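Hello,

Here is the structure I promised to send over. Have a look at it first, and then read on for what turned up.

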Amino acid sequence: MNTSSNPLLDFSGLPRFSEINPEHITPAIEALLNENKAIIDEIRHDPQTPTWQSFVQPVVDANERLSRAWGQVSHLNAVMNTPELREIYNQNLPLITQFYAELSQDQRLFEKFKQLRASKEYETLSLARKKIVDDELRDFRLGGAELSPEKKQRFLKIQEALSELSSKFNDNLLDATNAFSLLIENAEEVSGIPEDVLHTARQMAEKDGRQGWKFTLHMPSYLPVQQYADNRILREKMYHAFYTRASEYNVTDDKNGEKNWDNMPLINKILELREEEAKLLGYKNYAEVSLATKMASSPQQVLDFLRELAAKAKPYAKKDLQELQQFAAEQLNLPKLETWDIPYASEKLRQARYAFSDQEVKQYFPENKVLPGMFKLVEKLYHISIVPADSVELEHQIQYWHPDVKLFDIFDAGGSLIGRFYVDLYARSTKRGGAWMDGAISRRRIGCEQGGSVVQIPVAYLTCNFSAPVEIKGKPRPALFTHNEVIVLFHEFGHGLHHLLTQVDDLNVSGINGVEWDAVELPSQFMENFCWEWDVLTEMTQHVETGESLPRALFDKMLAAKNFQSGMQMVRQIEFALFDMHLHYDFNPHGDKTVLQLLDEVRSEVAVIIPPDYNRFPNSFAHIFGGGYAAGYYSYKWAEVLSADAYGLFEENASSSIAGVMDADTGSRFKQEILAMGGSRPALESFVAFRGREPQMDALLRHNGMTA
């Protein structure tokens with residue numbers, strides 16, 4: 001394989017993003033698939049007793065090259081989506097899916113893992129390697145290795161179809177989001193919208209050769225309109241467009257032919273195929289399949305957990321809504337509060353009650369202070385240092401997929417490079433919505449069996465969709481983040497640290513690899529807590545105009561408002577989680593009840609806000625239909641119990657530490673028992689090793705203001 005001519009086949013360092021073109025993808029994937037198949041075929045027919053070195057390691061090595069190359073393609077498809085790249089990606093996706101599906105069904109490999117598990121060598125393996133072998137045996141069973149040949153073929157077809165449907169779901173959502181824009185030419189109609197948002201909207205209109213303000217459904221444009229626009233008709237128009245994305249409302253006919261972005265047919269097909277997959281594997285429903293790799297033991301346990309939380313949260317949610325309705329009627333002349341009024345009325349109530357606005361706070365969070373402040377926090381906690389990669393001499397020129405992207409290096413206390421991460425913060429039309437962390441390269445130790453000891457440095461992507469820097473009156477101004485966006489950034493960085501600070505030497509359980517899905521949010525949600533600490537915020541705030549740090553009086557107002565509408569927010573998350581679990585547990589995709597009717601039932605049980613009939617939330621629920629959270633959305637709340645309880649130890653130790661909650665001793669313990677361990681042991685064991693006991697719900701309720 002010619003690594004010089006095809007950048008996707010070069011694994012010597014960082015990805016060569018600026019050199020990757022669509023024409024590189026198919027040849028690279030074909031070459032790697034052929035290489036993998038040849039290696040695996042040789043291993044399958046090896047008559048020798050399987051050992052870690054002769055059997056497991058070669059498979060890991062081959063699959064890592066394939067996953068790294070395909071990971072770069074998938075990443076580019078998510079952040080620099082073009083028609084050409086999308087077409088090539090979707091052409092190769094079935095090949096990748098088929099390869100891994102066939103691998104997970106390979107009877108000979110399954111038998112070799114069984115032999116290794118029963119051998120004397122297994123007893124000599126490290127705990128991490130024992131877990132890898134045990135996880136592999138579980139995954140072979142979940143991959144259909146024990147099925148008959150006919151059922152295996154059907155199982156493969158299901159995997160390929162599900163992969164294609166999920167990709168199409170995401171494509172439809174991105175296309176529907178990009179297809180909508182609204183041009184406003186009358187200044188009175190944009191009253192109340194912050195000046196920086198209007199400035200960006202005017203620039204977008206000018207790019208189209210138009211006068212006025214152009215608004216889109218990307219979050220930096222959509223959310224401020226909902227929060228601040230005095231124009232109720234504008235708010236409803238934007239709300240309707242946002243919550244009908246990728247639905248039957250997005251079937252149009254233009255000069256190029258019909259465009260159909262309706263995701264509901266895809267949702268129904270996905271649910272049918274997941275149910276069929278579960279039945280083939282001998283499970284009653286897909287939820288049981290999903291939970292086979294998670295901490296939670298059964299769908300009923302998850303439902304009980306969610307309903308227990310709902311019972312505690314709903315009285316607070318009702319109180320939140322009653323207060324908002326009363327305020328809207330008395331102060332805003334809104335006797336009937338509609339869903340498109342809620343963000344607007346909520347922002348007005350918060351300003352009235354706590355005398356500050358999100359927009360006021362935003363002026364204190366410029367990117368050039370937020371990032372260094374966040375880095376300073378983790379440097380104190382974990383005895384590491386973070387510097388821009390451009391300041392370090394590199395073997396190869398750093399390559400980026402977009403000019404806005406930055407790369408940072410992490411060094412340990414001894415000055416050794418231990419991790420790298422890319423940061424891509426701003427929204428654009430070629431990037432799918434939301435925020436996420438993904439691994440580009442995972443840590444592992446190479447060649448230690450031969451006496452060598454080379455550590456492969458982990459690399460991560462941190463991706464968000466925030467407002468970009470702007471130029472106002474000829475003067476450049478850094479990107480400004482709302483406090484909520486700062487929390488999102490901390491959340492994704494928590495995932496990144498989990499991937500980057502691992503000390504596990506085996507790839508399959510290093511970083512977030514091998515971590516139960518309902519525990520993987522622990523480090524990310526844990527990081528969010530620091531966004532409410534005065535000593536942290538003073539290091540990461542500076543008013544964009546005056547240069548002053550966040551005033552203590554404003555911080556105190558923010559803290560007083562921390563749990564503003566926390567009841568409404570929590571039941572909303574529980575609504576999504578219950579809907580997801582019921583969809584995959586006891587919903588019949590072949591029955592008379594529709595997906596929307598199921599959602600209505602869930603809302604009638606736990607929600608306090610009932611949206612209009614045209615709301616098509618499921619059509620944009622990419623977490624469960626276009627991502628990996630199917631029958632797992634509850635993980636956010638499950639892991640929040642863990643993260644709040646873990647942070648509780650920092651709070652308990654703060655009184656005896658000069659550094660307060662930034663206590664390095666507690667930080668080192670968290671790093672050692674949670675972050676460094678990755679997936680090398682069950683998440684509950686890691687939590688208990690850190691906390692000294694099993695998790696309790698008390699801290700979560702306390703942090704949300706739901707205790708007496």
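F421 stands opposite A460 in β11. This is a predicted model, in which local features need pLDDT of at least 70 and side-chain atom pairs pLDDT 80 or more, while totals for chains, interfaces and linings use all residues. Residues are numbered from 1 along each chain as its sequence is written, and side-chain values use heavy atoms, with hydrogens and water left out.

The sheet: β7 (residues 417-426) and β11 (residues 459-466) pair in the parallel sense over six bridges. Strands here are DSSP runs of E, at least two residues, and helices are runs of H or I, at least four, both numbered from the N terminus; two strands pair if DSSP finds at least two bridges between them. Five strands make up an open, mixed sheet, ordered β5-β6-β7-β11-β8. Because β5 (385-388) and β8 (436-441) are at the edges with a single partner strand each, one side of each lacks a neighbour in the sheet.

The core: the largest nonpolar core has 141 residues, and F421 is among those with the most contacts inside it, as are Y382 and F670. Such a core is a set of buried Ala, Val, Leu, Ile, Met, Phe, Trp, Tyr and Cys residues joined through side-chain atoms within 4.5 Å, where buried means under 20% relative accessible area (1.4 Å probe, protein chains only). Helix α13 (residues 299-331) gives this core its largest share, twelve residues. Another core, of 57 residues, lies apart from it and includes L9 and V509.

Best wishes

Notes:
Buried means under 20% relative accessible area, exposed over 50%, partly exposed in between (1.4 Å probe, protein chains only).
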